[in-house]
Structure formats: structure tokens, C-alpha cells
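Trainee: I would like to go through this model strand by strand. Could we begin with the sheet and then move to what packs around it?

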Amino acid sequence: MNDANAERGAEPSAQEGDTARAESGDRDAAAVIEALNAENGQLKDRVLRTLAEMENLRRRTEREVSDAKAYGVSSFAREMLTVVDNLSRALEHLPAEARASADPAIRSMIEGVELTARDLEAVLGRHGVKRLDPKGQKFDPNLHQAIFEAPDETVPAGTVSQVVQSGWTIGDRVLRPAMVGVSKGGPKAAPREAPAPSGK
């Protein structure tokens, strides 16, 4: 009897041990799953950050390549503006009478200089370099450089009345601001009409 009781007494403790091991195994498995889920979340976060960084890098590279194509000729174009200015000045200082009375060889040379000036401006235009002609426009400090103010009653104050040197842009950037004279003391803006009194 004592042996039977001992066996019966041993049975529950073996079951308790199995239950304890099963619960301990469940806890270990839950801890492992929780750790794996946390690691998985961290890895997803890293992957998403890396993908975002790569997308930003791709966009930045595309923008830099686009800017290099559009504005890569800026320094060369800026230096070519001196040539354009000199050709324009040469043609502007030629009196009309001298041109009319010039012999055919000189007239041919003048036409060649005009053609060269037009071609040079056309080539610059194909590369996104455009002339600014601000005469009559409102003064814009982003595009124009005021070198003097002149009284001119025929146009509103703050209007470009004279262009001393043409300005140039490349794409949407200013390559060289136009050097201008700005009017002052022109007509005032019309005053606002007072509201009509109500019949109270």
C-alpha cells in the first residue's frame, strides 16, 4: 500500500513538472516571438528609412543633373555677354549717314557684323540665355540694377525709363541684371473715391 501511495504521490508531481515545463516553454516561446517581432519592426523601419534616403538621393541627383544641363554654361555665357555688348555698341555708334554713304565693301562688313551679333544672340537663346529689355516696366530689384534716378513726368515713379546695359537671364536665374535708370516723381495713383453717403 505504501508503494501504491508513493506511486500515486509521484504521479501528480510528474504532471506538475510537465505543466511547469510546458508553461515555461510557452513563456520562452512568447519571449522569443516578442523579440523576433521587435527585431522585425526595427528591420522594417531601417528598410523604410533606407528606401526613403535612396528616393531622396535619386531626386537630388536628378535635380543636380538637370541644373548642370540648364546652368552649366553660365560662366561661359556670362563671358560671352561682353562680346554681345561690344558688337551692339559698335553697331549703335555707326551713324545712319555713314552707313548710307559707305562704299559696298564697308556696307558688306557692317552687315556681317550685324549677322554675327544676331547669330550670337540666337545661339545664346538656344542654350536658355535670354536678353532682358525692361524699358517701360516697373523696377524689379531681382532683375534690374538701378544706377540713377531721373525725373520723368510721363511715366509713373519706379518705372524703368532708360536701359544703360541690357540684362540677361539663363533659365529662371539672372545671369546679369539690367543696369537701368528709374523714373521718379511721375503721376500719382488715382485717389480712391469716397463711398456715397446713405440717405439716412
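Trainee: Which residue is the bridge partner of Lys130 in β4?

Mentor: Lys130 has Thr169 as its bridge partner in β4. Please keep in mind that this is a predicted model.

Trainee: How many bridges join β1 to β4?

Mentor: There are 4 bridges between β1 and β4, and the two strands run antiparallel. Another residue to look at is Arg131, which stands opposite Trp168 in β4.

Trainee: And what stands opposite Trp168 in β5?

Mentor: In β5, Trp168 stands opposite Arg176. The pairing of β4 with β5 is antiparallel and extends over 3 bridges.

Trainee: What is the order of the strands in the sheet?

Mentor: The order is β1-β4-β5, in an open sheet of 3 strands with antiparallel pairing. β1 (129-132) and β5 (173-176) are at the edges with a single partner strand each, so one side of each has no neighbour in the sheet. From one strand to the next, the twist averages 35°.

Trainee: How many residues lie between β4 and β5 in the hairpin?

Mentor: The hairpin has 2 residues between β4 and β5. Gly171, in the turn, has a positive phi of about 60°.

Trainee: Turning to the helices, which strands does α2 lie across?

Mentor: α2 lies across β1, β4 and β5, and runs at about 50° to β5. α4, for its part, lies across β1 and β4, at about 120° to β1.

Trainee: Which residues of the largest nonpolar core touch the most other members?

Mentor: Those are Leu124, Val129, Trp168 and Leu175, out of 13 residues in that core. At least two residues of the core come from each of α2 (74-92), α4 (104-126) and β4 (167-170). The largest share, 5 residues, is supplied by α2.

Trainee: What does Leu175 touch, leaving out residues up to four places away in sequence?

Mentor: Its contacts include Ser74, Ala77, Arg78 and Leu81, as well as Val129 and Trp168. Thr169 and Ile170 are also touched by Leu175.

Trainee: A change of topic: how many aromatic pairs does a search of the whole structure find?

Mentor: The search finds 0 aromatic pairs.

Trainee: Then what lies over the face of Tyr71?

Mentor: Arg173 lies over that face, at 3.7 Å from the ring centre of Tyr71.

Conventions:
Residues are numbered from 1 along each chain as its sequence is written. This is a predicted model: local features need pLDDT of at least 70, side-chain atom pairs count only at pLDDT 80 or more; totals for chains, interfaces and linings use all residues. Side-chain values use heavy atoms; hydrogens and water are left out. Rings of Phe, Tyr and Trp (its six-membered ring) pair if their centres lie within 6.5 Å; planes under 30 degrees apart count as stacked, over 60 as edge-to-face and the rest as tilted. A charge sits over a ring if NZ of Lys or CZ of Arg is within 6 Å of the ring centre and within 35 degrees of the ring normal. A nonpolar core is a set of buried Ala, Val, Leu, Ile, Met, Phe, Trp, Tyr and Cys residues joined through side-chain atoms within 4.5 Å. Buried means under 20% relative accessible area, exposed over 50%, partly exposed in between (1.4 Å probe, protein chains only). Contact means heavy atoms within 4.5 Å. Two strands pair if DSSP finds at least two bridges between them. Axes are lines fitted to C-alpha atoms, for helices over the stretch in contact, and angles run from 0 to 180 degrees between N-to-C directions.
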